[in-house]
Each structure stands twice: as C-alpha cells, then as structure tokens.
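Reader: I keep hearing that charged side chains can pair up in a protein. Could you take me slowly through the salt bridges in this one, and then show me what else is worth a look?

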Amino acid sequence: MISLEGAGLTYPGPPAVTALLPCDLEVHQGDFVTVVGPSGSGKSTFLNIVGLLDSPTQGRYRLSGVDTGQLGDATRSALRGRRIGFVFQAFHLLPHRTAAENVQLALVYRRVARRERADRARELLARVGLGHRADALPTTLSGGERQRVAIARALVGTPSVLLCDEPTGNLDTATSEQVLGLLEELNSDGVTIVVITHDPSVAARGTRTLSIRDGVLTEPQARRGHV
Ligand code: ADP
Ligand code: MG
C-alpha cells in the first residue's frame, strides 16, 4: 500500500541538504515496520514523506495505488486525513481539555455532528483502554495514558496507516510496553504501523525493521511475515 520508487528528498536550502537518498520500499497492509537510525539520519523526513506532509523531490510515492506526486494540496490533505494517523513523542495534547475533549476536537475538524462527537470520543478512548479516564485532564494522566489519548485522537479518521515518531521516547519501560501492546493490537486489527525508534527493544517488535543512516534507507534483515 506504501510504495516508494527512487523516492528521495533534498531540502532546497541554501545550503541544500539531501535528507533522504533515492530509495525503493514496499510496505504492505498489515505490516508493522520499525525504523532505526542515528539522530539527523533522515527518519522524520522519511515519515513526513510517507505521511504526505512532505513530497519527495525525486522519484515517486504511491499510496494505495495513487501517485501522490500528481495531487493538488486539497486532494493530498483529504487523502492524508482519510488514510493516515500521526503519533508523536511529545503527545501534543491540549493541557486544559479533558481526554475526551482532546479526542473530540479532532472530530470537529472532520465535521462530525456535535452529538456524535462525545460518543465517538468515548468509544475511541475505550478502544485504547481509557474509557474510565475520559473526563481526566492530561496533567492527571500518566505518560503512557497521555500517549494512549494521543493514539485515540490519531484514530478518529479510522486511518489505515499509523505513523509514530518516537512514540515511547518519553516513557519508561513498563509504560512503553503498554503503548507497544496497544500498537500491536491495532496492527492485528489490520492497521499498518510504522514506528521510528532509538530503542533496540522497540525496534525488535516490528515484523520488519528498516535502518536509515546518512539518508540511506536499507532493510538489513528481512523478517517479513507474521508469526
Ligand atoms: P532524524 O529524524 O533522523 O533525526 P531528520 O529527517 O529530521 O532526521 O533530518 C535529516 C537531515 O535533514 C538532517 O541533516 C536535518 O538537519 C535536515 N533537515 C531536516 N529538516 C530540514 C529542513 N526543513 N530544511 C533543511 N534541512 C532539514
Ligand atoms: Mg526525527
């Protein structure tokens, strides 16, 4: 469903920075891909391309057969909204809004009718195991719970791909485990997952692990297929 053909990105600068050298990659529906690499190696650039936040400056990116280089801004945003969810290291929750309100706000932008929003937000929070914390403010939630709220928010558009940039970067080991367990659950429901991580134990959870070094994407040892 994600298909990169000779896709690379050079930021124009000046000075121009080649953040991702031309690469080929096929990610299939239901894959759980982890991406490792040192800081500054091009991981976020790669994720931004896959997430349609940035376009490759060379080569081609097809998402479910759609050549994304041919799309105008509005069509691109619509495709992103329909297919892709984002999860970041820093959660990005609004501090003075409850968990349910944080999720509901994402529904406002999707023009979901007001009376449906509350139900849908609660449903999504229940999905991530936080039905009982719907009315809590983020400051009263643990790091892992905050990240699960952020994941519930990322699920509002029923994305087929969830892109996660260091989702456990701010979490301790036990809490990371909960978040990874949730991502694995979503994956077994068919959601394609891409997780950038510094942590080798997180990387090992992928059914495939990609490595990026100095903008060069490789798949050192293919472990394709589910056990
Ligand atoms: P990572 O996520 O692996 O730390 P990034 O993808 O953020 O790496 O960055 C890869 C390279 O591209 C780095 O050298 C970085 O400085 C550069 N870079 C990132 N964003 C921009 C930008 N908007 N303009 C110019 N250079 C950038
Ligand atoms: Mg990064």
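**Salt bridges up close**

Author: Let's begin with Glu123, which makes a salt bridge with Arg120; their closest N and O atoms are 3.2 Å apart. Keep in mind that you're looking at a predicted model. Both residues sit in helix α4 (residues 114-127), and because they are three residues apart there, about one helical turn separates them. As for how much of it shows, Arg120 counts as partly exposed, at 21% relative accessibility. That's just past the limit you need here, since buried means under 20%.

What is going on in a pair like this? Side chains of opposite charge can pair when their charged atoms come close.

Now stay with helix α4 for a second pair. Asp135 forms a salt bridge with Arg122, and here the closest N and O atoms are 2.9 Å apart. Arg122 belongs to helix α4, while Asp135 lies in the loop between α4 and α5 (143-154), so this pair ties together parts that are 13 residues apart in sequence. Asp135 is exposed, with a relative accessible area of 55%, whereas Arg122 counts as partly exposed at 37%.

Some salt bridges share partners, and that is how Glu5, Arg60, Arg62 and Asp67 end up joined into one network. Zoom in on one link of it: Arg60 and Glu5 form a salt bridge whose closest N and O atoms are 4.0 Å apart. Arg60 is in strand β4 (residues 58-63) and Glu5 in strand β1 (residues 2-11), so the two tie together parts that lie 55 residues apart in sequence. Arg60 is partly exposed, with a relative accessible area of 33%, and Glu5 is partly exposed too, at 32%. If you'd like the total, the structure holds 11 salt bridges.

Next, have a look at strand β3 (residues 32-36). Four of its five residues are buried, so the strand is largely enclosed by the rest of the structure. β3 pairs with strand β8 (residues 192-196) in the parallel sense over four bridges, and Phe32 stands opposite Ile193 of β8. β3 also pairs in the parallel sense with strand β9 (residues 208-213), again over four bridges; there, Thr34 has Thr209 as its bridge partner.

Last stop: ligand 1. The residues around it include Tyr11, Val17, Pro38, Gly40 and Lys43. Sorted by type, the shell has four nonpolar, six polar and one charged residue. Both β2 (17-27) and α1 (43-50) supply at least two residues of that shell, and α1 gives the largest share, three residues.

A backbone N or O atom of Ser41 lies 3.2 Å from an oxygen atom of ligand 1. With Ser44, a polar side-chain atom comes to 2.9 Å from a ligand 1 oxygen atom, and a polar side-chain atom of Thr45 is 2.6 Å from an oxygen atom of ligand 1. Taken alone, ligand 1 exposes 560 Å², and the protein buries 58% of that.

Conventions. Residues numbered from 1 in each chain as written. Chains lettered and ligands numbered in written order. Predicted model: local features only at pLDDT ≥ 70, side-chain atom pairs only at ≥ 80, totals over all residues. Heavy atoms only, no water. Near = heavy atom within 4 Å. Polar contact = N/O pair within 3.5 Å; in protein donor to acceptor, adjacent residues only side chain to side chain. Areas by Shrake-Rupley, 256 points an atom, 1.4 Å probe, with all protein chains shown as cover. Nonpolar A, V, L, I, M, F, W, Y, C, P; charged D, E, K, R; others polar. Buried < 20%, exposed > 50% of the residue type's maximum accessible area, 1.4 Å probe, protein only. Pairing = 2+ DSSP bridges. Salt bridge = Lys/Arg side-chain N within 4 Å of Asp/Glu carboxyl O.
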